[in-house]
Amino acid sequence: MTLNIILGIILLVAALFLIIAILIQSGKSKGVSSTISGGSSETYFGKNKGSSLDKKLAILTIVVAVIFMVVALVVYIAQPFTDYYGWLFDRLGISVSGS
């Protein structure tokens, strides 16, 4: 596999994860609207379980977003570099182009 394909797969998986993770996360105002409307389906013991899962998902989302940004920057910066120094990669036996 070439480097471009590997980085493309990483970007695709990260993008899909970010879309799904953001849609799954509960909003910050969920607790406020629940308090105003009086509806509370959470029990005393189950209250922290949901919030800890939300915190873990939020942290994981931030980590994947940072990875996505770094890989996107690497692809952007490396593209002119691989176009100009492609002969060096060919000589070293490193395949970076899609062809």
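This is a predicted model: local features need pLDDT of at least 70, side-chain atom pairs count only at pLDDT 80 or more; totals for chains, interfaces and linings use all residues.
1. Overall make-up. The chain contains four helices and zero strands. Followed along the sequence, its pattern is α-α-α-α. Of the 99 residues of the chain, 14% count as buried. The chain exposes about 8,000 Å², and carbon and sulfur atoms supply 72% of that area.

2. Contacts along the chain. Among contacts in the chain with a separation of 6 or more, 85% are accounted for by residues 24 or more positions apart.

3. Length of helix 1. Helix 1 covers residues 3–24, which is 22 residues.

4. Buried side of helix 1. Which residues of helix 1 are buried? They are L7, L11, A14, L18 and A21. These residues cover an arc of only 105° around the axis, and therefore they sit on the same side of helix 1.

5. Exposed side of helix 1. The face turned away from the buried side of helix 1 carries the exposed residues L12, V13, I19, I20, L23 and I24. A nonpolar patch on the surface is formed by L12, L16, I19, I20, L23 and I24, with about 660 Å² of accessible area together. For L12, the relative accessible area is 53%; because the cut-off for an exposed residue is over 50%, L12 counts as exposed.

6. Two further positions in helix 1. A15 is placed in helix 1. Is A15 exposed, partly exposed or buried? With a relative accessible area of 25%, A15 is partly exposed, since the partly exposed class lies between the buried limit of under 20% and the exposed limit of over 50%. A15 and F68 are 53 residues apart in sequence, and their C-alpha atoms are 7.3 Å apart in space. I19 is likewise placed in helix 1 and is exposed, its relative accessible area being 51%. I19 and T61 are 42 residues apart along the chain, with 9.6 Å between their C-alpha atoms. I19 also belongs to the nonpolar patch described in point 5.

7. Positions in helix 3. Helix 3 comprises residues 47–84, and L53 is placed in this helix. L53 counts as exposed at 58% relative accessibility. Between the C-alpha atoms of L53 and Q25 the separation is 9.5 Å, although the two residues are 28 residues apart along the chain. I62 is also in helix 3. Is I62 buried or exposed? At 55% relative accessibility, I62 counts as exposed. How many residues apart in sequence are I62 and L18? They are 44 residues apart in sequence and 9.0 Å apart in space, C-alpha to C-alpha. L18 is one of the buried residues of helix 1, whereas I62 itself is exposed.

8. Points to check against the structure. In helix 1, the reader may locate the buried residues L7, L11, A14, L18 and A21, and then the face turned away from them, which carries L12 and I19 among other exposed residues. The pair A15 and F68, 7.3 Å apart from C-alpha to C-alpha, and the pair I62 and L18, 9.0 Å apart in the same terms, may then be located.

Note on methods: Residues are numbered from 1 along each chain as its sequence is written. Side-chain values use heavy atoms; hydrogens and water are left out. Helices (H or I, at least four residues) and strands (E, at least two) are DSSP runs, numbered from the N terminus. Buried means under 20% relative accessible area, exposed over 50%, partly exposed in between (1.4 Å probe, protein chains only). Contact means heavy atoms within 4.5 Å. Accessible areas come from the Shrake-Rupley method with a 1.4 Å probe; for residues, only the protein chains shown count as cover. The expected span of a helix is 1.5 Å times one less than its number of residues. The arc is that of the directions from the helix axis to the C-beta atoms. Patches are made of residues with over 30% relative accessible area and no salt bridge: like charges are joined within 9 Å, nonpolar side chains (Val, Leu, Ile, Met, Phe, Trp, Tyr) within 5 Å. A salt bridge is a side-chain nitrogen of Lys or Arg within 4 Å of a carboxyl oxygen of Asp or Glu.
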